[in-house]
Each structure stands twice: as structure tokens, then as C-alpha cells.
Amino acid sequence: MNAEKILLHSDSQKFLDDLQRNAEVLGPTRKAGGTSSYSNPIFAAIKKWGDLEIGYKSSMLSPKKILFPDNQDLYGYQVETDTVRLENLTAHLDREVVLLGIHSCDIAAISCLDRLFMHDRYRDDVYAARRGKTTIIGLTCSEPHEQCFCNIMGAGPDASSGYDLLMTDLGDRFLIKAGTKKGADLLEAGYFKEAGDEDRRQREKIIRKVEESLPAKKDLKRITNNMLVKYDDDLWKEFADACRSCGACNMVCPTCHCFAIMDKTNPDRTKGRRVLVWDACHFERFSQIAGNISVRGEKNQRYKHRLYDKLLYDPQRYDTIFCVGCGRCAEFCPAHINLLAVLAKLEE
Amino acid sequence: MQKHVYMPDLARVVEIREETARSRSLIIAPEKEAIVCEAGQFIELTVFGHGEFPVSVADVFDEGAHRFMVTIQEIGKVTREVSRLRQGSQIGIRGPFGHGFPLEVFKGWDVHIVAGGVGLSAVWLLLKQLMKNREKYGRLNLLHGARTPSDMIYRDELSVMADRANINVALTVDRGESGWAGRVGLVTELLRGDMINPDKSVAVVCGPGVMMKATIVELEKLGVPQDRIYLSLERRMQCGMGACGHCMIGPKRVCLDGPVFPLSEIGNLQESSL
């Protein structure tokens, strides 16, 4: 399990060929179409090693979209007078997937989703089936982007668990650590070389350099303690007032997991599909109850709910904070609300 | 994977009871396994072609609950479609979900049930179970209020129950109608000090938000402590299993931690409206 190996860049295609023998390999790439003006890679099929954006800083959607896709078909149904026929539409999940080149923050986020969807009180067997067939090959960052704060949330820049393999780019070679037996088995292939002390020193140096370019640490305990008493504080106003309730942060957040279940039917409603779609606690109707009363009718309540959930409620239930400091919410917020600014206010 | 948590079991509507102009009870027979259900739990009911909604199990029939009853008020897009269902219609059910009422804890106590409108259906099975083992509990009070007499569900059974000596049934309506000889007024007016010994009482409340709020105020005035006031809450639970996030009240998920809560558990939450 503690295996550490070296993979020369020149051997990386061999590694990919081996992975592709049993699985579809998905990773950050610019070779998957999409908008030309958009500078971030997206997680899509890696056909050859060169498709992989080894030096990428971030992506808009995290690998959440693979493990917990928006718009999932759950089952189909057909109504014939008094009889209904059901068809499970999740059978396609029976394929092996390798997530290649996932950053530490996103690895930590997957661990959050695992705790939520594979909880002992509740197990989403659709998620569990997909997750069970997923191999995670992480990649530590070479350079963070300007919104990153994984160090503050304890989710990076290095990862200590949640991966099968974890790569660090040393320039002409990768140092690869195994985190599971499954990962260690992959390192048995002949093109992996033993790692030496110099490789390990170089890895440490790279991680430290990334760490140094991240923002100053914050006192998380103080922040969460303050949240307990500052729910009604004025500090929330400037952020909630600026918020457009667009739900962008919910969509790009790698740990946001709320969803709606809805039906898509043909016009006469005799045939349809039950579909799981991403939902957002920033939407007013998200908390609607009978009689169309909205439990969180005020934007301020919705803004706070999202952060209280991530920083206070989820840790109570799942024993881990549900923010990994990936910075996507800040990068894609049309109102330029930066979570770090909120945390700074809460730390005062 | 043959089946998964979001796929319902098929069931048939074997009988329909029209309760009021806007609500009806469905007697449902699961096609495969009987449901095992605590009083206070809910199921997710699918009207194929329209969608799914959570609803309390109001009653179970036969040993092992091969048939059970839910009472549905037309209140939204999917519940309106319930009016199209007829005897023999096939529906989908998932569940039951959540925690019911702690019957063990109620043993030896006076139980006061205060229900408003169709909220009565969420405490109906509890009431049946209390009546079945009547000797295990102290005094039993059912205080029920509806908007008008024709909005009152289970009227026949209520009048049978009202004639029994081992339960006190008090009914009221917000607005009377011709033929209604009963009380007119709020359900909170039925709560009287001589009826409740706060040291021996547990209370159960279910109904619309304002009614629950007002009832809690009265119960607290009468000295019933928060940890002995049980509430059955309604939220739009979509998954029913603690993941979708729609039913959260602060850190609590109504579908998993409830829908039955002692007031002491949720009354002081930042998002509690109680």
C-alpha cells in the first residue's frame, strides 16, 4: 500500500494503454470540444496521454459531474391502462471508469460525497455502484490558481487519502504513490521504477512551493465557533445582498449535492423517465413546502444556509467539513462573492 | 443492479374513500411485500406520468400491513393528479421513511393529540395504536380542528370514536355550516387546563404551521415541557433518505431525523419557525 514508484513521461502512454484496457479513462482535457473562449479544461475522455492537461489549474465543473451527474436517468415507465412497466435505466453504470489527474481538493470532495451517499443510515446504490467501479488517480498541483485555498480547508495541496494512486509531476517523470491495494497493483507493471530519496525530496519541494503560494491559514475552529453565535449578525448582509441567487456556486461546488427528482414524460404522460437533476439551495423554491410557502424565502437565509450546511451541519453528520477550498464558487460567482472574504469576516 | 433506491415498488389502489372536496384516502395494496411501518412514518407515492410526493401512512390493515391507507389533499401539481386515480390503478411506493412516534416512551403517560386539517392523517395510525393497547396509556385526548365541517376528514370514524368512554374526542371548525351542531373556534381553544396535568402528559401536534405554532404556545402555557411536545412536520422530502437536502431545518433532515421530533430538538434551531 505504501508503494512509491517513478513513471517516466516517456512511459506514460504505456500506463494509459493499460488503464484503457479495462476502463474508460476520464481526465482534464481541452480535446473534448466545448467553447473555444473558455480557458479551463473539462473532465472528459482521455484518448492519448497528450490529451491530458497535466499542468491544469482548475476546471469549471469538478469530477462530481461524473460520479454524480446532473440529469441522471433513474428509471423509465410505461403506463398501459391499469398496468405499469418499469425499466431500470442505470444499467450503463456497469463500466469501469478511471478518473485521471484529479487534484487533491477534488479528491477530498469525492470523499465528502462518499460519506454522504454511502452513509450507514442511507446508501444511494446508484452512486455506490458507480463509485465502486471508479479508480482515482490523483495529481498534485504544480501551481494553484488565484482563488485556491485548499490549505485553509485541510484539503491540499497534498492528499493523504481518498485516492488509489497519487501522481506528482517532477518535470520529466512522475512520482506516484499508492493509496490502496488497487493502486498498488497498478504499480506492478514493468515500466514503473523504484522511487529514490531524491525523487521524494523533489516532490516535497514542489508541494511546499505550492503551499507557499496559497493564502495565509485561517483559524477554522474560531470561524465555526463564531458561526454558532453570528447567525443574526450584520456581517452576512453585504454578501447576501450581492448574491443573485443564481445557484452557480451550487453547480460548480464539488461537494454541493442537493438534487431534485422529477419526471420527464411524453405529452400524454403514458411514458416517461424519472430523472435526478442537480438542485440548488440558493433557489427560492428549493425550500418550498405545501401551500407554496418557502421556508427560506429571504436571500439572506439561503446564503447562510449553504455555508452553515458546509461548515457546521455536514461536519456534525459526516465528520468532515464540506468545503475543500477549490475556489470555484469565487471564480464563477457573477456577483464576485469570495468565500475567503466571508471567512475573514467570520474569523474577526 | 436490478433495482435501486429511487425505483418504487408497484402497488394497487384497492379502495378510494372521498374524504372532502379536496382530499381522498387511498387504500393501497403493495404487489410484493407488505410494508412494515411505525406510526408517524411516511412513504413516497408515485402517480406515474406526473411525479412523486411524500405522504404519511394514516392506517394499516390486516396483520402485517398488506393494505394501508394514505390521505391526500390536493395541494400541488402531483397531488392534484390523485383525483384521477381509481380502484385498480397502479401506483408506485417507496419507503416507509423516517422515525415515527416513540410509543414506548408514551407508555404510562396521558397523551393529548392536537391535529389540524389533513394533519389528522399523520397522527391517525398513532391514535389507532394507542387505542389498540389502550390500557398501557393514561388519559387519551384527541383535539381536532378543520376549516369547515365539510373539510373534516374521517368524520364517520371520529363520531364512532367520540362515543367511546376511553378517549375524549373534541372537534371544532373555523367556520360552521348548516347541520353542524358542534363547536366553532380554533383548535387551541379546546386545550383546557383541567384536561392537562403537565406532569403526566405528552402532547402530539400536527397541522398547518400557524396552527402548530399557536398550539405550542398554549401547551407551554399549560406547563407541558418541550421534550414532551412531539411534532410531526411536513416538508417536501424528495429522496426520503437524507440526501436531496429539501427538508433541512438547520442541521436536521426531516426525512431522516423526523418527521416526528420533540420540540426540544428543533424549537431552538436557527431556521426553526416554531
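**Entry 1: the model.** I note at the start that this is a predicted model.

**Entry 2: the sheet in chain A.** I looked up the strand order. Eight strands of chain A form an open sheet, and going across I read β3, β2, β6, β9, β10, β11, β1 and β12. The pairing is mixed. I then asked which strands stand at the edges. They are β3 (42–45) and β12 (193–194) of chain A; each has a single partner strand, so one side of each is left without a neighbour in the sheet.

**Entry 3: one strand pair.** I picked β2 (residues 24–29) and β6 (residues 97–102) of chain A, which run parallel and are joined by three bridges. In this pair I found A:Val25 opposite A:Val98 of β6(A).

**Entry 4: helices on the sheet.** Helix α1 (residues 12–22) of chain A packs on the sheet and touches β1 (4–8), β2 and β6 of chain A. I noted an angle of about 135° between the directions of α1 and β2(A). Helix α7 (residues 197–212) of chain A also packs on the sheet, where it touches β1, β10 (165–169) and β11 (173–178) of chain A. The direction of α7 makes about 90° with that of β11(A).

**Entry 5: chain B.** I listed six helices and 16 strands for chain B. Its C-alpha atoms fill a box of roughly 55 × 45 × 35 Å along the principal axes. How does the radius of gyration of chain B, and what radius would a compact globule have? With 274 residues, such a globule would have a radius near 19 Å, and chain B has 18 Å, which agrees. Buried residues make up 50% of the 274 residues in chain B.

Methods:
Residues numbered from 1 in each chain as written. Chains lettered and ligands numbered in written order. Predicted model: local features only at pLDDT ≥ 70, side-chain atom pairs only at ≥ 80, totals over all residues. Pairing = 2+ DSSP bridges. Helix = DSSP H or I, 4+ residues; strand = E, 2+ residues; numbered from the N terminus. Contact = placed C-beta atoms within 7 Å. Axes fitted to C-alpha atoms, helices over the stretch in contact; angles between N-to-C directions. Rg over C-alpha atoms; globule rule 2.2 N^0.38 Å. Buried ≥ 20, exposed ≤ 12 C-beta atoms within 10 Å, placed from the backbone.
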